Amino acid sequence: FLDFYGSGGLANASAGNAGPGAATANHAGPWTNTVAASYPPRIYQASLHLEAGGETLDATGVTITPGIATPTDVIRPSAAPGYTGNATCNVPLPDGSATGKVVLCERGNPAGRADSGFNVLQGDGAGMILTNVAQQDLFTDLHWLPTIMLNDGTWQGQDQPGNEVRAFVDAHPGATTATFTTGTRTEQTPDI
């Protein structure tokens with residue numbers, strides 16, 4: 001950014017999501033216009049339904065992608081034959097290793113949330129469930145395939161189901177199916 005400023009430009013960069021403590025804002029150099037982000041007054045809420053052996057789990061998440069209406073098998077990326085990455089779907093799944101399946105990925109891929117979905121798509125996955133592993137922001141990213149994102153911990157004063165979803169799938173390996181709805185615009189309290 002300093003070089004860009006030196007050539008006459010001014011970069012607008014995010015202050016980040018750390019904090020709220022002293023010195024937790026990113027991009028504090030005087031050659032950068034540091035900006036904050038906030039939640040809008042709406043989110044695109046969707047419902048996830050998991051089923052395995054007569055047991056069910058329903059959870060609420062967010063998406064702007066199409067949903068999955070037909071019960072579809074759910075796997076962890078580690079169950080995809082030949083997969084060499086981790087639970088964040090940080091590397092492409094081998095071609096055909098997730099054909100017709102929804103892959104449950106954990107947020108944390110250093111390349112980004114949408115890259116996790118791209119990596120699932122490389123294995124011919126039908127969709128992705130993306131869970132935060134701690135309370136973090138929820139995003140309605142434009143994914144490469146149908147994706148629902150769920151939080152973990154507490155968000156906007158309500159308990160979130162991310163850990164329960166991971167535990168449910170882990171308790172029923174190879175036996176869990178999922179459906180989820182397309183997100184619908186839902187009003188929320190903005191953080192302005």
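User: Buried means under 20% relative accessible area, exposed means over 50%, and partly exposed lies in between (1.4 Å probe, protein chains only). Are E106 and R76 buried or exposed?

Analyst: This is a predicted model: local features need pLDDT of at least 70, side-chain atom pairs count only at pLDDT 80 or more, and totals for chains, interfaces and linings use all residues. Residues are numbered from 1 along each chain as its sequence is written, and side-chain values use heavy atoms, leaving out hydrogens and water. R76 has a relative accessible area of 14%, so it falls under the 20% cut-off. Both E106 and R76 are buried.

User: How far apart in sequence are the parts that E106 and R76 tie together?

Analyst: E106 and R76 form a salt bridge (a side-chain nitrogen of Lys or Arg within 4 Å of a carboxyl oxygen of Asp or Glu), with the closest N and O atoms 2.9 Å apart. E106 lies in strand β6 and R76 in the loop between β5 and β6, so the pair ties together parts separated in sequence by 30 residues. Strands (E, at least two residues) and helices (H or I, at least four) are DSSP runs, numbered from the N terminus.

User: In which helix does D170 lie?

Analyst: R76 also forms a salt bridge with D170, at 3.0 Å between the closest N and O atoms. The pair ties together parts 94 residues apart in sequence, because R76 lies in the loop between β5 and β6, while D170 lies in helix α3.

User: Is the disulfide of C89 and C105 left-handed or right-handed?

Analyst: A disulfide is a pair of cysteine sulfur atoms within 2.5 Å. C89 and C105 meet this, with S to S at 2.0 Å. The torsion about their S-S bond is about -80 degrees, so the disulfide is left-handed.

User: How many residues apart in sequence are the parts tied by C89 and C105?

Analyst: The structure holds one disulfide. C89 lies in the loop between β5 and β6 and C105 in strand β6, so the parts they tie together are apart in sequence by 16 residues.

User: Is T72 buried or exposed?

Analyst: T72 is found in strand β5. Setting aside neighbours within four places in sequence, T72 is in contact (heavy atoms within 4.5 Å) with residues including G100, A126 and T176. Its relative accessible area is 11%, so T72 is buried.

User: Which residue's backbone oxygen does the side chain of T72 reach?

Analyst: T72 lies in strand β5, residues 68-75. At 2.7 Å, its side chain reaches the backbone oxygen of T70.

Methods
A polar contact is a pair of N or O atoms within 3.5 Å; within protein, one must be able to donate a hydrogen and the other to accept it, and residues adjacent in sequence count only if both atoms are side-chain atoms.
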